[in-house]
Amino acid sequence: KDKSMSITNYSMVSEFVFLGLSDSRPMQHFILSWSTISYISIVLGNLLVVFTVTFDSHLHSPMYFLLANLSFMDLCFSTLTVPKMLSGLYSGKNIISFQGCVIQIFILHVLGASEMMLLIAMALDRYVAICKPLNYLTIMSPQMCIWLLVSAWVIGIIHSGFQLAFVAHLHFCGPNEIDSFYCDLPWFIKLACGDTYKLEFIVTANSGIVSMGTFFLLIFSYMFILVTVWKRSSSGLSKAFSTLSAHITVVVLFFGPCIVVYMWPCPTVPVDKFLAILDFLITPLLNPAIYTLRNKDMKMAVKKL
């Protein structure tokens, strides 16, 4: 009897309840309105970038190919969590099934790691364009661009599978409230039965180290490009910096929240929630704006489209 009871207990959790961003009903109405407008803008902004690059033959170059894929990933990133949050705010039912939560975590980490790899590919593209301009089209050939993109997705899938393999054996026997609006590993592990401190540390450190390592690699590579340009001619430095400033801004916006969530030992819930909004509602909105407004070719192409 005891055995059957413990099995029942372990299989009790079939769904999780999101506590969302606020308990206050007026605040929920404000979040619903603002998030709906933001999400529509994200969809329109990122689709505009994808369609502009696809249909304008002047933009069929490696830089714009990678940029269109970044916009596609940003759109997927927001679509993974925001519509679910909006339907929860509208209906008052903030529930996700156990399987839904696991799928959300898996896709979240696939997209996160793939976008990191894509940002590395974009840094490589700028390095070749600025430091080896004569060999640019030879090095950044269409085959190379496809290879970089496929590698980004494959690394994302491997990273996410590796993360979920750690938590596959966990049992859930009661607590099912997630104090956020989406599923991620730190909260998922906290709800499991038994002592999960070690596992929490391994999984969080894995994502944290990947985020930190990639962030510093990117910042170092952009600094290396600027120093290389400065050594050649100080007049070219301002042009290179204006080209790279958009990339650096996007890198800081993307990695900032990742590093804080995974490397800060005990972030407070309001900080976590603010960073989640930054990741899913603000960064995907800013990325197309940053790249489009700072680029003459993109501005012209958008006007034509």
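Q: Which helix holds both Phe162 and Phe166?
A: This is a predicted model, where local features need pLDDT of at least 70, side-chain atom pairs count only at pLDDT 80 or more, and totals for chains, interfaces and linings use all residues. Residues are numbered from 1 along each chain as its sequence is written, and side-chain values use heavy atoms, with hydrogens and water left out. Helices are DSSP runs of H or I, at least four residues, numbered from the N terminus. Phe162 and Phe166 sit four residues apart, about one turn, and the helix they both lie in is H6 (residues 142-167).

Q: How many aromatic pairs does the structure hold, and what kind do Phe162 and Phe166 make?
A: Rings of Phe, Tyr and Trp (its six-membered ring) pair if their centres lie within 6.5 Å; planes under 30 degrees apart are stacked, over 60 edge-to-face, the rest tilted. The structure holds 19 such pairs. For Phe162 and Phe166 the centres are 5.1 Å apart and the planes at 70°, so the pair is edge-to-face.

Q: Is Phe166 buried or exposed, or partly exposed?
A: Buried means under 20% relative accessible area and exposed over 50%, with partly exposed in between (1.4 Å probe, protein chains only). Phe166 comes in at 25%, so that makes Phe166 partly exposed.

Q: What kind of pair do Phe215 and Phe216 form?
A: Phe215 is buried at 17% relative accessibility, while Phe216 is partly exposed at 48%. Their rings are 5.5 Å centre to centre with 65° between the planes, and the pair is edge-to-face.

How values were computed
Helix = DSSP H or I, 4+ residues; strand = E, 2+ residues; numbered from the N terminus.
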